[in-house]
Amino acid sequence: MTVPTTPTTTTGRQVSPDAPPPVRMHPARRVVQLVLGLVGFGVATALMLHSGQGAMPWAVLDQGIVDRTGLAYGWVVLGVGLLVMLAWIPLRQRPGVGTVANIIVISMVIDPALWLLELVLPEPALVAGVALALAGIVLLGVSTAAYVGARLGPGPRDGLMTGLVQLTGRPVWAIKTAIEVSVVVLGVLLGGTFGWATVVFAFGVGPVVQVSARWLAPAGLTGHR
C-alpha cells in the first residue's frame, strides 16, 4: 500500500495538500519589475527628503546614530545595513541578485532625483511639501512590493521584514509597521529628527505594500517562486 506524502517545496518545507499551486512569474517580468521597483524606491526616497516634512524611519535612526557617534552618514547607513543583514542568519534569509541591485540602483537614483527636484521645485511650499511626502510614501510602498515581489532577493531591511513574516506568520502590514515604528522610536531616543510624514510613513507604508502585493507579488511576498 502506498503511503501518501505531504508535498514539499524545493527547500524541503512541507506544503498543505489543499494549498493552491505556486504562481510563477516570467523571468523577464521579474527583472523589469525589480529594476522599476528599485528606481521607484530611490525616487520615493528623494521625494520624502525634498518635501521637508519628515524623514523615513530608517533615516531617523541613521541621523540619531550620526548624532551620537559623529560618524559620516554614509558609513552609518552601511553599518546599519550590515547589522540588519546579520539578523538574516537566524531568520534563514538568503541574499540574491536583487539584494546587490538594491544597494547599487537606489544609491545611483537618489542623487539625480534630488537634483531634478531641486531644479523643478527649489523650495517647496507647505502644500507642495505635503504632496511630495504623501506621493513618496505611496510610491515607496508600491516599489517595495514590486522589487520584493520579483523574488530576486530583497534589500537588507525588507529581508528582515519577510523573514519575520515567515517566522511569526503575521501579516506583512503588521510586521512592516512594527519594524518602522520601532526604528523611529530608537532613532528619536538617539537624537534623530522626524516630522508628521515620518509618522504617516510608519503606519501607512505597510498597508500600501500589502495592497500592492496583490498585483506585484503573485506568489506572495514570502511565497515560492
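Student: How many helices and strands does the secondary structure of the chain come to?
Tutor: In this predicted model, the elements read along the sequence as α-α-α-α-α-α-α-α-α. The count is therefore of DSSP runs of helix or strand. The secondary structure comes to 9 helices and 0 strands.

Student: What share of the contacts with a separation of 6 or more is between residues 24 or more positions apart?
Tutor: The chain has 225 residues, of which 44% are buried. Among contacts with a separation of 6 or more, the share from residues 24 or more positions apart is 78%.

Student: What share of the accessible surface of the chain belongs to carbon and sulfur atoms?
Tutor: The accessible surface of the chain comes to about 12,300 Å². The part that belongs to carbon and sulfur atoms is 70%.

Student: How far apart are the end C-alpha atoms of helix α1?
Tutor: Helix α1 covers residues 27-51, which makes 25 residues. At 1.5 Å a residue it should span 36 Å. The distance between its end C-alpha atoms agrees with that expectation, at 36 Å.

Student: Which residue just after α1 takes a positive phi?
Tutor: The phi in question is about 70°. The residue that takes this value just after α1 is Gly-52.

Student: Is Arg-92 buried or exposed?
Tutor: Arg-92 lies in the loop between α4 (88-91) and α5. Its phi is near 60°, a positive value in a residue other than glycine. Most residues other than glycine have a negative phi. With a relative accessible area of 75%, over the 50% cut-off, Arg-92 is exposed.

Student: And is Arg-151 buried or exposed?
Tutor: Arg-151 is found in the loop between α6 and α7 (156-168). Phi of Arg-151 is near 55°, again positive in a residue other than glycine. Its relative accessibility is 18%, under the 20% cut-off, so Arg-151 counts as buried.

Student: Which residue forms a salt bridge with Glu-180?
Tutor: The structure holds 1 salt bridge. Its closest N and O atoms are 3.1 Å apart. The partner of Glu-180 is Lys-176.

Student: Why are Glu-180 and Lys-176 separated by about one helical turn?
Tutor: An α-helix has 3.6 residues a turn, so residues three or four places apart point the same way. Glu-180 and Lys-176 both lie in helix α8 (residues 172-189), and because they are 4 residues apart there, the separation is about one helical turn.

Student: What is the relative accessible area of Lys-176?
Tutor: Buried means under 20% relative accessible area. Glu-180 counts as buried at 2%. Lys-176 is buried too, with a relative accessible area of 8%.

Student: How much accessible area does the nonpolar patch with Trp-115 have?
Tutor: The patch on the surface is formed by Trp-115, Leu-116, Leu-119, Val-120 and Leu-121. One of them, Leu-116, lies in helix α5 (residues 97-120) and is partly exposed at 45%. Together the five residues have about 540 Å².

Technical notes
Residues numbered from 1 in each chain as written. Predicted model: local features only at pLDDT ≥ 70, side-chain atom pairs only at ≥ 80, totals over all residues. Heavy atoms only, no water. Helix = DSSP H or I, 4+ residues; strand = E, 2+ residues; numbered from the N terminus. Buried < 20%, exposed > 50% of the residue type's maximum accessible area, 1.4 Å probe, protein only. Contact = heavy atoms within 4.5 Å. Areas by Shrake-Rupley, 256 points an atom, 1.4 Å probe, with all protein chains shown as cover. Expected span 1.5 Å × (residues − 1). Patch = residues over 30% accessible without salt bridge, like charges linked within 9 Å, V, L, I, M, F, W, Y side chains within 5 Å. Salt bridge = Lys/Arg side-chain N within 4 Å of Asp/Glu carboxyl O.
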